[in-house]
Structures are given as C-alpha cells and as structure tokens.
Amino acid sequence: MRPPLRALLAIASAATSLALAACGGSSYSSGTSSSAASATQPAATTGAGGNAVVVKTTSSPTFGTVLVNGQGMTLYALSAERNGKFICTSSSGCLGVWHPLTVSAGAVPTGSVGSLGTVKRPEGTVQVTYKGEPLYTFAQDHEAGETSGQGIKDVGTWSVVKVSASGAQQK
C-alpha cells in the first residue's frame, strides 16, 4: 500500500528543510578546467570503479537548454559556491539532499560540453564543475527532467544550470 501523497510531501519537505539547515561552510581553492567546443553532445569521464560519468544537455520546457547527468537528472549549482569555495559540505545535511557529481581522482572531463572541469572537495573527492561551478543533483528529483530544486534558498540559491549561446546562466 502506498502512503498518501500529502504524507510523502510533508516528509520530503521536513527532510529537505532539516538537511538544508545543516549545510556547512568551507572553502578550498584547488581546481582545474577543461573546455570543448559545443554544448549539445555528451561529455564522458571515468568515475569511481571505471563507471562513465556523463554530462550532456537537454531541453527543458521551463528553462531552455540545461545540463543533466547521464541518467537525465538535472544538474544544479549553488550561488554561494564560486572560486573554490564550498558551502555544501555536511554529509549529514546538505550532501544528503544535494549529491555532488564526482569523478575519480585524476579524471578530467572531456567531450563536447564546453567548460567542464573538476575541483577537489574538502573531504577529498573530485567534483565536476561547469564554468567553475560545482555540479550537483537534487535528491527530490526522482525522474529525468525534474527541476524541483530550482530556487531553493539556504546559504545561497540553488539553480538549474542553463546553457545559452553565451554560456551557462542560472535563473
């Protein structure tokens, strides 16, 4: 028997609020960048265990062309995370809701999604970036194309990573 939708939404809302309140602050300045020409084809890297990590674009009826992972899950960036500064670092809170897109140490994102790079997180994992912004998926997005993390505010604003002719923009 499935629980009523209202109960699921209340649980998800409470869990999200608790997790977002637990986001911690940290900063780390090591990072690299890699660039390629077009933003319409997938870019692959090798993740932990040899699994391919793919960043590609898709069309969103609400946001236009956006970045997604290999499973089509929307990628987000936090407005306060720029220039190697990490805010989402608490494994019991923020990272429980916002999942960093990571690769194996030494892997460099390549392919036709331009401006992909990596940055070392404070706990030592290597996270994929787009134009220097660390990329995350949102735990409450359950199907490809969902964008329920858009506009969530805590220590910054979470935004869908959009791609336009002039590069990434966030709404």
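Residues are numbered from 1 along each chain as its sequence is written, and side-chain values use heavy atoms, with hydrogens and water left out. Since the model is predicted, local features are reported at a pLDDT of at least 70 and side-chain atom pairs count only at pLDDT 80 or more, whereas totals for chains, interfaces and linings use all residues.

The predictor's confidence in each residue is expressed as pLDDT, on a scale from 0 to 100, and the chain averages a pLDDT of 73, with 63% of the residues scoring at least 70. Over residues 4–51 the pLDDT is below 50, although this stretch has 108 contacts in the model beyond near neighbours in sequence, a contact being heavy atoms within 4.5 Å.

The secondary structure comprises 2 helices and 15 strands, where helices (H or I, at least four residues) and strands (E, at least two) are DSSP runs numbered from the N terminus. Of the 171 residues in the chain, 42% are buried; buried means under 20% relative accessible area, exposed means over 50%, and partly exposed lies in between, with a 1.4 Å probe and protein chains only. The accessible surface comes to about 8500 Å², of which 54% belongs to carbon and sulfur atoms, as computed by the Shrake-Rupley method with a 1.4 Å probe, and for residues only the protein chains shown count as cover. Among contacts between residues at least 6 apart in sequence, 66% join residues at least 24 apart.

In soluble globular proteins, nonpolar side chains tend to be buried together. A nonpolar core is defined here as a set of buried Ala, Val, Leu, Ile, Met, Phe, Trp, Tyr and Cys residues joined through side-chain atoms within 4.5 Å. The largest such core has 18 residues, and those with the most contacts inside it are Tyr76, Cys88, Trp98, Tyr136, Phe138 and Trp158. Two or more residues are given to this core by each of strand S5 (64–69), S6, helix H2 (94–97), strand S13 (136–138) and strand S14 (158–164), and the largest share, 3 residues, comes from H2. Apart from this core lies another, of 15 residues, among them Leu116, Tyr130, Val161 and Val163.

Strand S11 (residues 126–130) pairs with several other strands, two strands being counted as paired if DSSP finds at least two bridges between them. S11 is joined to S10 by 5 bridges, in the antiparallel sense, and in this pairing Lys120 has Val126 as its bridge partner, while Val119 stands opposite Gln127. The hairpin of S10 and S11 has 5 residues between the strands, and Gly124 takes a positive phi near 105° there. S11 also runs antiparallel to strand S9 (residues 102–103), over 2 bridges, with Val103 partnered by Val126. A further 2 bridges join S11 to S12, again antiparallel, and here Thr129 has Pro134 as its partner; in the hairpin of S11 and S12, with 2 residues between the strands, Lys131 takes a positive phi near 50°.

These strands are mostly covered, since 4 of the 5 residues of strand S10 (residues 116–120) are buried and 5 of the 5 residues of S11 are buried. From S11, Val126, Val128 and Tyr130 point one way and Gln127 and Thr129 the other way. Gln127 is buried, with a relative accessible area of 0%, and touches residues that include Phe86, Leu101, Gly117 and Tyr136. The C-alpha atoms of Gln127 and Pro100 are separated by 6.3 Å, although the two residues are 27 apart along the chain.

A search of the whole structure finds 2 salt bridges, each requiring a side-chain nitrogen of Lys or Arg within 4 Å of a carboxyl oxygen of Asp or Glu. In one of them the side chains of Arg82 and Glu133 meet at 2.8 Å, N to O. Arg82 lies in the loop between strand S6 (76–78) and strand S7 (85–86) and Glu133 in strand S12 (residues 133–134), so the pair ties together parts that are 51 residues apart in sequence. Arg82 is partly exposed, at 40% relative accessibility, whereas Glu133 is buried at 8%. Glu123 and Arg121 also form a salt bridge, at 2.9 Å, N to O; Glu123 is partly exposed at 45% relative accessibility, and Arg121 is buried, with a relative accessible area of 0%.

Terms used:
Lists of a residue's contacts leave out its neighbours within four places in sequence.
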